[in-house]
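Subject: Structure handover

Hello,

Here is the model I promised to pass on. My notes follow below it.

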Amino acid sequence: MKYLDEYRDGRIARALMAEIARRATRPWVLMEICGGQTHTLMRFGIDEMLPPGVEMVHGPGCPVCVTPLEIIDKAIDIASRPGVTLVSYGDMLRVPGSHQDLFQVKANGGDVRIVYSPTEALKFARANPGRQVVFFAVGFETTAPANAMAVWQAKREGLKNFSMLASHVLVPPAIRALLSSPRNRVQGFIGPGHVCTVMGYREYEELIREFRVPIVVGGFEPVDLLEAILMLVVQLEEGRAEVENQYVRSVTYEGNLPAQKVLAEVFEVCDRKWRGLGGIAESGLALRAEYADFDADRIFGTQGVTAEEPAECISAEVLQGWRKPTDCPAFATRCTPENPLGAPMVSSEGACAAYYQYRRHLATAPGGR
Amino acid sequence: MTRGTKQETNIEAGLVCPVPIVSRDSVLLGHGSGGRMSAELLHDIFLPAFQNSVLARLDDQAIVEVNGCRLAFTTDSFVVKPMFFPGGDIGSLAVNGTINDLAMGGAVPLFLSLAFILEEGLSMDVLRQVVESIRVAAGLAGVSIVTGDTKVVEKGSGDGIFVNTSGIGMVPGSLCLSADQARPGDRVLLSGTIGDHGITILSQREGLQFESAIQSDTAALHTLVADMLCAGDGIRCLRDPTRGGLSSSLNEIAGRSQVGIHLDETSIPIREDVQGACEMLGLDPLYVANEGKLVAIVDPHSAEPVLEAMRQNPLGRGAQIIGTVTDTHPGLVTMRTRLGTSRIVDLLSGDQLPRIC
């Protein structure tokens, strides 16, 4: 299949791997930001192919993993009310809140629906004026423009029964938080290809000036990731720290300007709590005051809902690249996808779930290096 | 399930989990997915209640002996949205699905029962269409519908039509095909492309309509099975990978036989448009449903003749040897990726859910 087979070609992958092995003269610790990239690394066993000195640690870019417990609790609270239809992407339904998940709300008679785009939620709201339709909007800069567009459209149409429970997060502040930690081990980042498709990569230049760390914006197929790893290794070996773009078939320097425009029109930057990482200043997006009538948190009075997340959970250390999922004594024993003890085991993009699903058969665990 | 709703803490390891363990005190959609949640339901609720040696085989059909005659017996219920889809409908699915459950035991299907649960208000035209489709499918397969039942539920209590079919067939000689028969060295044979049915259904769902030429592969496989059985006596197990896809069938065999199964990714046939749809939706075709494919565990000496026989039958034209049974990692299915690395092909917990981005 065009644009797929060539990026999964074993010969190209092995050639890139040989070049990585040739160029890497010292150990390097690299982090892929996106959960989608983690998933590819595990699904295709790329960690198995890398030379021993090049270590991949897994970043916080899994939307399900970093969405705080209290937002899930708010969604569950809203979805349980009569007359409400809560609409969401599929993988949010399985994420446990403090007491139950959205699948259970659905089983108990709540109207919870899976959609593939927020415009479907809009369509449902137009067709069902008697129901309050709430779209549960989570994710990074990638999903934010389509969600912004839905709210913008709803306002333009004067829809009275559509609102959004929004908990968007931004990548650059999370990278800054990781790099600012005294425990940071990461020496180079594979940047988030789809986030940068929307946002471009201008904003990553600032991080490089501040921390002198190379960032290569990467794609999601095996050959993309291997090429990005090679570009990082070459920069590190040459003592350079620049933003480079491996994912040229999708990402431009400026990004998608119309998408950025609607994003800025509907959302504003706010402080945001991340599961596992805690509060990070100016790391999220919230609806602007002009769109307050579409803010489900305000409409349903759930602003007060809070949930405590213990700070000592290992998922925080996994999401920051300090430890590997296999370093956790509960991994694949007490903590499995059926019985997750932490959010990274819930989503298929979470590092723990990806290790569990694809790699737990290896005698030497990938994290054992 | 007796899981608590409290947060579990692991004091010895110094870990506190941020996500509470959730009790499963009600039936969830995932319990019907054919994945791990379905298996849980079976082992926690049904098997303890009905223990007997016939049921304990846990194959797609029961094999019972009556006066020296070996009968295969099975039942299946069909709920599908939309009712009509490219390549078939709920009627043909209900006939072919039950025939296939019999055929996977090597049985010659003979008789079917047909039971409807209809929702008040259902159009008679729709019912007629479904019945006509059942008539045609049964005729093509050479089975008779010999008994039936109809119930009507109030509007809102059903979803148009629910169909149940049960089937009886005869098992020739001493043939014994079962998921616990796989042995290291056996080959894994697949009759054709995977994911066609599941992606067809998804492509018809509200909000997802995408243009494609993909059709459901729904078909009765008993003639293919008969051809395979003629070609070699080394067939140990047959499965039709429906709900939960190829992965669920192979995981079941690996678990029941306590063997490993090692697949070769490049040899698994997948249509390009099915692969494309899966990429777009973030799904893995190994977990997507089929309704007209079978996977066979065959001893190494019979593998080639059986493969040849499959390819001679129109329903097995795309057949391939896709892997080997091993003595490493008992109970696990692994796969050599096209990069030459290896990965697990796991049993999914519940339904496969499209990812956020």
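Which residues does A:Val134 touch, leaving aside those up to four places away in sequence? They are A:Ile78, A:Val84, A:Leu86, A:Val87, A:Ser163, A:Leu165 and A:Ala296. Contact here means C-beta atoms, placed from the backbone, within 7 Å.

Some ground rules. This is a predicted model; local features need pLDDT of at least 70, side-chain atom pairs count only at pLDDT 80 or more, and totals for chains, interfaces and linings use all residues. Residues are numbered from 1 along each chain as its sequence is written, while chains are lettered from A and ligands numbered from 1 in the order in which they are written.

Chain A overall. It has 16 helices and 11 strands (DSSP runs numbered from the N terminus: H or I of at least four residues, E of at least two). Its radius of gyration is 21 Å, close to the 21 Å from the globule rule for 369 residues, so chain A is as compact as a globular protein of that length. The radius is taken over C-alpha atoms, and the rule is 2.2 Å times the number of residues to the power 0.38. Buried residues account for 57% of the 369. Buried means 20 or more other C-beta atoms within 10 Å of the residue's own, exposed 12 or fewer, partly exposed in between, with C-beta atoms placed from the backbone.

The core. The largest nonpolar core holds 209 residues. A:Val134 is among those with the most contacts inside it, as are A:Phe136 and B:Leu189. Helix α12 (222-237) of chain A gives the most to this core, 10 residues. Such a core is a set of buried Ala, Val, Leu, Ile, Met, Phe, Trp, Tyr and Cys residues joined through C-beta atoms within 7 Å.

Chain B domains. The assignment gives domain 1 (60-170) and domain 2 (187-344); the bounds come from an automatic or database assignment. Their C-alpha centres lie 23 Å apart. In chain B, 19 residues of domain 1 are in contact with 19 residues of domain 2. On the domain 1 side, α2(B) gives the most, with 7 residues.

Helix α6(B). Residues 245-257 form this helix of chain B. Of its 13 residues, 11 are buried, so α6(B) is largely enclosed by the rest of the structure. What covers the buried residues includes β11, β12, β13 and β15 of chain B. B:Gln258 follows α6(B), with a positive phi near 50 degrees.

Best wishes

Definitions and conventions:
Two residues are in contact if their C-beta atoms, placed from the backbone, lie within 7 Å. The expected span of a helix is 1.5 Å times one less than its number of residues.
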